[in-house]
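My entries follow in the order in which I checked them.

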Amino acid sequence: MTQRLPGVVGLLLMLMAGLVEQAAADEACAIDDAEQEICLTVPAERIVALSPGATELLFAAGAGEQVVAVVDHSDYPPEASELPLVGSHDRLDLERLVALQPDLVIGWVTGNPAGQMERLERLGIPVFRIEPRTFEGIATALERLALLAGREAQGRLAAERFRQGLAELAARYADAPPVPVFYQVWDSPLMTVNDEHLIGKVVTLCGGVNVFGGLARLVPRIDEEALLVADPEVILAGGRGEANRRWLEDWQRFPELTAVARDNLFFIPPSLLQRPTPRLLEGSRRLCDRLEVARGRR
Amino acid sequence: MSRLETHGLVIDVPGRSGGDPLDLALLPGQVWGVLGPNGAGKTTLLHTLAGLRPSRAGRVEVDGVPLTRLRRRRVAQCLGLVFQEHHDGFPATVEETALIGRHPWLSPWQMETAEDLALAHCALARLDLAELGGRQVATLSGGERQRLAIATLLAQEPGVWLADEPTNHLDLHHQVAVMRLLDEQAAGGRAVMMCLHDLNLAARWCDHLLLLYPSGEACWGPTDRMLVPAALERLYGQRLASAEVEGSRVFVAVP
Amino acid sequence: MAGASLRVCAHGHPTLGQLALTLGLLAAAALAALIVAVALGSAAVPLTDSLAVLVGGGDDMSRTLILELRLPRALAAFATGGLLAVAGALMQVLLRNPLADPYVLGLSGGAAVGALLAMLAGLGSALVSGSAFVGALTATLLVFGLAHGTGSWTPSRLLLTGVVVASGWGAVITLILSLSPARQLPGMLYWLMGDLAHARGPGVALGLLVLVCLLVVPLGRSLNVLARGGLQAAALGVPVRRLEWLVYLLASLMTAVAVTTAGSIGFVGLVVPHLLRLVLGNDQRLILPACALAGGTLLVLADTLARTVIAPEQLPVGVITALLGVPVFLFLLHRSR
C-alpha cells in the first residue's frame with residue numbers, strides 16, 4: 001500500500017498538471033487598443049458594448065447573441081436597438097451595468113469616462129477597450145472581439161471580407177487621377193477631418209486628396225474662407241440624420257467653387273463613414289464611386 | 001414763484017391706520033419746519049408733497065393745479081427736494097452732480113449751456129464747494145455731500161424747496177450757513193419746508209411749524225404759537241427746559 | 001495720446017466739441033478695425049485687391065471672399081459687439097448695479113435654451129436663430145412678469161428675480177447638453193461660447209444699433225439722472241417708471257438680437273461700458289454711443305483674431321474678447337487709482 005503511494009501521488013500530480021495545461025490552452029488572450037492584455041478562460045457569454053461602434057463590431061464578429069446591453073444611439077444592426085441600455089457612452093449607468101453581471105465590457109478608449117472604466121475593473125469585470133484608427137485596426141478588432149467571444153471563425157471571416165474589399169478598392173483606385181476633396185463632418189461649426197482620421201484614409205484610398213489633410217487636429221474646425229481658397233473639386237457631406245442634404249444645398253451660395261460648378265456635391269450617410277466598423281467598406285465604396293463620378297465630369 | 005397747498009391730505013405711512021387730514025398752504029416767502037419724532041412720517045410727508053409717493057387721501061396742488069395732473073418735468077421746475085440719504089451707484093464728479101439740478105430745465109436734445117454751467121458753479125461756490133468741482137462724489141465727507149445736495153437744489157431753482165433734514169452731518173458753521181441760505185431763498189420769494197430734529201434751529205429760522213405725532217395727529221401754525229413746551233414735550237415724549245438766549249428761544253432736553 | 005485729451009471729459013460735463021472729438025476717434029478706430037477684418041483671413045488677399053473690391057473691382061474670388069464672407073461677418077461682429085455693450089451699459093443704469101451685464105437677467109439663458117432645443121431637433125441655422133430669439137423674449141417677459149408680480153418692482157427685486165431665473169435656465173441648458181447626442185455637442189458648445197461663423201445678414205442688428213443710438217441720445221441726460229437713483233431722478237423730473245420700462249425693453253431687444261446673431265458672447269457687455277467709464281466719465285450721452293463704437297470695434301478685432309490666429313482652424317470668439325479685454329481693463333483700473 002505504502003509502496004504504491006508515490007505512484008498515486010504521481011498520477012494525481014500528472015492529472016493536475018494536465019488540467020492546468022488544458023486551462024492554459026483554452027485561455028483566450030487579446031491586446032486591446034489601450035495596449036492592455038485581456039485573457040478569458042471561458043468565452044464571454046454576457047457582453048456589454050459601451051459605444052455604438054463596439055456594438056456593431058460585436059455583431060459583425062458574430063457575437064451579437066452574447067451582447068446583453070448597449071449604450072444610447074446603438075442603432076445598427078437593427079436588433080441592437082432592442083437591447084437594454086446602460087446610459088450613454090459618456091455617462092454610464094454603472095449600477096445597471098453591474099447588475100447585468102457581464103463577463104466582458106467593450107469600452108471606448110477616448111469616449112468612455114476613464115474613472116468609470118477603472119471602477120468596473122476594480123469590480124473584477126474585464127474591460128476591453130477598442131478604438132480602431134486604421135483599416136487594419138477594424139479588421140483586427142473583429143478578430144480580437146471574436147476571439148474573446150469564442151467566435152473566432154466568424155470573426156476571421158468578417159475581417160477577411162473587410163480586408164479583401166478594401167484591397168480591391170485600393171487596387172482599383174491606386175492609379176486613378178487625384179481628386180481634391182473636402183469632407184464636411186458638421187456644418188455649425190464647420191468641421192472636417194485630417195488625413196489621420198479614418199475618413200481621411202478612405203478619401204486617400206479612393207484616390208482623393210483631402211484638402212485639409214495636413215491639419216494637426218483629427219477633426220479641425222475651419223472657416224468657409226479657407227474652403228473657398230482650397231477650392232475642392234468634390235464636397236462630401238454627412239449630415240444631421242441619414243438622408244439630409246441641406247448642408248450641400250448651402251454651398252450653392254458659392255457658384256465659383258469648382259465642386260458647385262460641376263455639381264460635385266455628394267451626400268454619404270454619416271453612419272457608413274463615421275463609425276469604425278465593417279460598414280466603412282460600404283461607405284468607402286460609395287465615396288470611391290462619387291469621386292469616379294467627379295472624374296467623369298472633368 | 002409757486003405756492004404749494006394740500007387739501008385733506010392723509011399721508012400713507014405703512015402700518016398706520018388713520019391720520020389728521022392736512023390742509024396746508026405753503027406760500028412764497030414762508031419757511032416751514034416739520035417737527036416730530038422718528039417714524040412720525042416727516043420724510044413720507046415731504047415725498048408725498050413732491051409727488052414721489054401716493055397719498056392715502058386728499059391732494060397736493062401747485063399753484064392751484066393738482067400735482068397728479070402735471071408732468072414730472074413741470075413738477076421738478078416748481079418743486080425741488082433735498083433727500084436725507086444719498087447713495088451713489090456710479091462714479092460722478094461734484095460738478096456733474098450739481099449740474100444735474102439743471103435737468104428739468106433742459107429739453108431732451110439740449111446740452112447744458114454755459115449759463116447752466118455758471119449756475120452750477122455759482123451754487124457750488126455758495127456752499128463752499130467751488131474747490132471740489134473735479135472731485136469724485138464718493139470721496140466727499142458726509143457734510144460735503146449734504147452741501148452738494150443743497151447746491152444741486154440751488155442749481156435747480158425750484159419755487160418750492162422741500163428739504164429733509166438739511167443740516168444733517170453739517171458742522172455748526174455750515175448749519176447756520178445753510179439755514180441762512182434757505183432763509184434768503186424764502187426772502188427771495190420761494191417757499192421752503194424742511195424737516196428738522198433741532199428745535200432750536202426751528203425756533204430760530206422757521207416762521208411756521210407743523211408738528212407730526214406718531215399717531216397721525218398733526219397741528220400746524222405760526223412758530224410762536226406752536227413752540228409751546230407742553231406740546232413739544234408731548235410730541236417727543238421727552239421733558240424739555242427752555243430759556244431765552246440772545247433773543248431766541250432755546251430748548252434743552254432734560255433727563 | 002487720445003487718453004490725455006479724453007481725460008478732460010471725465011471731469012465736468014462734456015461739451016459738444018469734446019463729444020464729437022471722442023466719438024470721432026472711436027469711429028476712426030472702428031473703421032480701422034473693419035478694414036483690418038476685411039483685409040485679413042485665412043486666405044491671403046493683397047490689400048490692394050481688398051480695397052479694389054470695396055470700390056467695385058477685383059476678381060471673382062476676392063469679391064466672394066470679401067463681400068460675401070468677410071464684410072458681412074465683420075459687420076455682424078460690429079453690430080453684435082455694439083448691441084451688447086450698449087445693452088450692458090443700459091442694464092447697469094437700470095439696475096443701478098455696475099456688475100450687471102446684458103445677460104444678468106437670464107436673457108442669454110432663455111436664448112440658449114431656444115437655440116439648443118432647435119439644434120436638438122435638427123433644425124437649420126435660420127430656425128435656430130429664430131428659436132433663440134423667441135427664447136430670449138420669453139426670458140425677458142418671464143423675468144419682467146415675475147418681478148412685476150405684486151405691482152411694484154425695484155431694481156433689486158428685478159435683479160434677484162433675473163439672477164434666480166438665469167440659474168434656472170442654466171440648469172435647463174445643462175440638462176439639454178447632457179441629453180444630446182455627442183455629435184451635436186460641438187455645435188451646441190460653440191453656440192454657447194458665441195460664434196460669428198454663421199452670422200449672415202447683419203442688417204437687422206446694425207439697423208437696431210443705429211436706431212437705439214439715435215433713441216438714447218435724447219434720453220442720455222435722463223439716464224444720467226436715473227443712475228443717481230430712482231427717487232432723485234423722479235424729483236428731478238424724470239418719468240422714472242416709463243423710462244425704466246423703455247430701457248428694459250430696449251436692452252432686452254438689443255441683447256436678443258445680439259444673441260440671435262452670434263450666440264452668447266460674454267464679457268463685451270460687462271467690461272466695455274466699465275472700460276469707457278474709467279476713461280470718459282459717466283455721461284450716458286457720451287458713454288452709450290461710445291459703447292456702440294468700442295464694443296463693435298472690440299468684437300470685430302476679436303473675431304478677426306479668432307479667424308486668423310490658427311487659420312484655417314477657428315477659435316471661439318468669446319475666448320478672444322476675454323483675453324483682449326481683461327488685461328486692458330485691469331490696466332485701466334490700476335491706472336485710475
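I started with the pairing of β3 (residues 47-49) and β7 (residues 104-108) in chain A. The two strands run parallel and are joined by three bridges. I looked up A:V48 and found A:V105 as its bridge partner in β7(A). Strands here are DSSP runs of E of at least two residues, helices are runs of H or I of at least four, and both are numbered from the N terminus. Two strands count as paired if DSSP finds at least two bridges between them.

A note on provenance: this is a predicted model, where local features need pLDDT of at least 70, side-chain atom pairs count only at pLDDT 80 or more, and totals for chains, interfaces and linings use all residues. Residues are numbered from 1 along each chain as its sequence is written, and chains are lettered from A and ligands numbered from 1 in the order in which they are written.

Next I traced the whole sheet. Four strands of chain A form an open sheet, ordered β4-β3-β7-β8, with parallel pairing. β4 (67-69) and β8 (127-130) of chain A each have a single partner strand, so one side of each is left without a neighbour in the sheet. On average, neighbouring strands are turned by 35° against each other, direction ignored.

Helix α2 (residues 52-60) of chain A lies across β3, β4, β7 and β8 of chain A, and runs at about 135° to β3(A). Axes are lines fitted to C-alpha atoms, for helices over the stretch in contact, with angles from 0 to 180 degrees between N-to-C directions. Contact means C-beta atoms, placed from the backbone, within 7 Å.

I moved on to chain C against chain A. The contact takes 25 residues from chain C and 26 residues from chain A. On the chain C side, α4 (60-94) and α8 (185-193) each supply at least two residues. α4(C) gives the most, with five residues.

Which helix of chain C gives the most to the side that touches chain B? I found α9(C), with five residues. This contact takes 25 residues from chain C and 28 residues from chain B.

Last, I looked at helix α2 (residues 16-39) of chain C. The helix has 24 residues and reaches 34 Å from its first C-alpha to its last, close to the 34 Å expected at 1.5 Å a residue. That expected span is 1.5 Å times one less than the number of residues.

Definitions and conventions. Two residues are in contact if their C-beta atoms, placed from the backbone, lie within 7 Å.
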